[in-house]
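This briefing summarises the architecture of a structural model, from strand pairing to chain and domain contacts. The points below are grouped by topic.

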Amino acid sequence: MRAKVIPITAAVTLIFAVGLLHARAGGGTVSGKVTYEGTPAKPKPIDMSKEPSCAKQHATPITTETVVTGPNNSLENVVVYISAGAPDDSAPSQPAKFEQKGCQYLPHVLAFQVNQPLEVVNDDQTSHNIHPLPKVNREWNKSQPSGSPAIVDKYDKPEFIPVKCNVHPWMHGNFAVLKNSHYAVSGEDGGFKLPNLPPGKYTVTAWHESYGEQSQEVTIAGSEAKTVNFLFKAKPY
Amino acid sequence: MGKLFGVVLAVIALVSAYPIVMHHYVQPVDISTHGHAIDEQLSDTMAEAGLSFLGAQLLLAFFVFKFSNRKPGAKISQLPGGAKLVVAAAFILVGTEILALGVLGQKAWAEVYFTSPKPDAVQVQAQAGQFAFYFRYPGIDGKFGPLHPDKIDEGNANYFGLDPANDVESRDDVVTGEMAIPVNREVQLLMHAKDVSHSFYVRELRIQQDFVPGLDLSLHFTATKVGKYEIVCTQLCGLGHYNMKAYLNVLSQDDFDKWMKEKASQQ
C-alpha cells in the first residue's frame, strides 16, 4: 500500500509544481524607467593612493556612487520591488555574490532575498573589513585578509542595509534584503523589469540610497505588460 | 681577576659609548626650516646620554678595579651622609640633566608650536580617522565651514561632515586625500581627530605630532624642498594602523595653484 502512495504523491507534486511554474512563467510583467529631475550631486573622485594595489586597477580614479546617473536623466542603482501584494517566497539556494575588487564594492547595490546565502569575496591584495550596518537584523563585521575564503552569511528580516569597510573609509555599498523574488536594480539606462507576476494588485516600490522611497499601485490581469515609471527629485548637496 | 674585570668593564663602556656619543647615522633629508634645530637637539641628547653612560660605567669600573681584592679583616667604608645623600645627589644630577635638555630644546619646540604663524600662511586642516588622512583647504573665502559629525557620509566623500546646503563657508572648501603645499611658504596645520588618537609623522619635515580626540591642535612649518613625501600614522590606532598613510606633495607655487584649481573643480 505504502509503495503505491509515494509515487502517486510524487506525481501529484510534480504536476502541481510544473503547473505553478507554468502559471508564473506566463504571468504579467511590470517594467519601466527610473529618472530624476533637478541637479544631482556631482560624483567626486576617490583618492586611493594609500592603497597602491587598488589604485593601479583604475586607469582613472573611480568616483563616489551614492548617485549614479545615465543619459536622459536616468537613475542607476534603484531597487524596484513588489512591497505588497505578492506572497513571501522561500529563499533560493544560489548565493548572492558581493565582491571587493579594486577597493570598491561590486555591485554597489546588491539585492537578494531573506535567508538567501550572501557570499562576500575579497579579490584584492589587501585586507578588507566588511561592516554592514543593519538596524533590525543582526550586526556583524568581519576582517577578510587577501586570499581568505568567502564569508557566507544571511539575513532573516527584510531591510536596506548600508555597507562600509572598516579599513578603507571610501568603500561604501548597500544590501537590499527583500521578501520575495520580484525585484530588479535599475541599470545604466534607468530601466527595470519585473516579469512572471501572477494576476493581482501590487504595490511597486522604488528605493534609492540618497533619494528615498516611492511607491505606485498596479493591477495585473492575465499576462499583460504594464509600464510604471518613477521620477526622483535630485538635490545638489 | 677582579682588576681584570674592572679593565674589561671599562673597555666595554668605551666601545659601546663611542657610537652613541659620535652618532654616525644617516639622517633622512631635512626639508623644513626648523629641522636643523630638531637635529641639533637630537645630536645633543645623544652626546649627553652617551657621556653620562660612559661616566657611570667608568665609575663602576673604577670601583670594581680598586676594591675587588679586599684583604681579610679590611673594613667596609661608607660615603659620608649614607644612602640619603646618595639618593639626593642622584636626584639633583638627573634633574639637572633633564632640565638642561628641556632648556636647550625649548627653542626648537617653540618655533613650531608656541609662536603664531605669519598672516599669509597657507591653512590646511588635517583630519585623521580610522584608517586614512583627509585634508581640507578653506577655499577662496579663506574660511573653513563648520563641522557636523552627524553629516559625515564617507560613501559620498563627505569625510569631514560638511553641510554645504546650509553653511555658505563650506561650499568652497576643498577636501583631498593627499596634502599639497607650496614650497618656501609657511603652512599652518590644524589637526583634528575624527575617532581615536592618531599621529602625523613626516620624517623629512621633522614633525611628529599626535592627533588628540576632542582637542584641535595647531602647528606651523615651512617646507624648503619640492618633492613627494610620506605622511604616516605613528600612534597605534586599530586594525588598519599599519596601512594608514597619505602623501605630502611639496609643489612650486605655480604647481600648487594649478593643483588647487583642479581639486576645487572636483568638489
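A hairpin of three residues connects strand 14 of chain A to strand 15 of chain A. The model is predicted.

**Strand pairing in chain A**
- Strand 14 and strand 15 (residues 212–220) of chain A run antiparallel and are joined by nine bridges.
- Within this pairing, A:V204 has A:Q216 in strand 15 of chain A as its bridge partner.
- Strand 14 (residues 200–208) of chain A also runs antiparallel to strand 2 (residues 79–84) of chain A, with five bridges between them.
- A:T203 in strand 14 of chain A stands opposite A:A84.

**Nonpolar core**
- The largest nonpolar core has 83 residues, of which A:V79, A:V80 and A:A111 touch the most other members.
- Strand 2 (residues 132–137) of chain B contributes the most to this core, namely five residues.
- Leaving aside residues up to four places away in sequence, A:V80 touches A:Y183, A:A184, A:S186, A:F192, A:L194, A:V204 and A:A206.
- In soluble globular proteins, nonpolar side chains tend to be buried together.

**Contact between chains A and B**
- Chain A provides 17 residues to the contact and chain B provides 21 residues.
- The side of chain A that touches chain B comprises six nonpolar, seven polar and four charged residues.

**Chain B: overall form**
- Chain B contains four helices and ten strands, in the sequence order α-α-α-β-β-β-β-β-β-β-β-β-β-α.
- The radius of gyration of chain B is 26 Å, whereas a compact globule of 267 residues would have a value near 18 Å.
- Along the principal axes, the C-alpha atoms of chain B fill a box of roughly 90 × 35 × 35 Å.
- Of the 267 residues in chain B, 24% are buried.
- Among the contacts in chain B with a separation of 6 or more, 72% are between residues 24 or more positions apart.

**Chain B: domains**
- The domain assignment divides chain B into domain 1 (2–68 + 84–113) and domain 2 (122–265).
- The centres of domain 1 and domain 2 of chain B, taken over C-alpha atoms, are separated by 37 Å.
- Eleven residues from domain 1 of chain B and twelve residues from domain 2 of chain B take part in the contact.
- On the side of domain 1 of chain B that touches domain 2 of chain B, helix 2 (35–67) and helix 3 (82–113) of chain B are the elements that give two or more residues.
- By class, that side of domain 1 of chain B has six nonpolar, four polar and one charged residues.

Conventions:
Residues numbered from 1 in each chain as written. Chains lettered and ligands numbered in written order. Predicted model: local features only at pLDDT ≥ 70, side-chain atom pairs only at ≥ 80, totals over all residues. Pairing = 2+ DSSP bridges. Contact = placed C-beta atoms within 7 Å. Nonpolar A, V, L, I, M, F, W, Y, C, P; charged D, E, K, R; others polar. Core = buried A, V, L, I, M, F, W, Y, C linked by C-beta atoms within 7 Å. Buried ≥ 20, exposed ≤ 12 C-beta atoms within 10 Å, placed from the backbone. Domains from an automatic or database assignment. Rg over C-alpha atoms; globule rule 2.2 N^0.38 Å.
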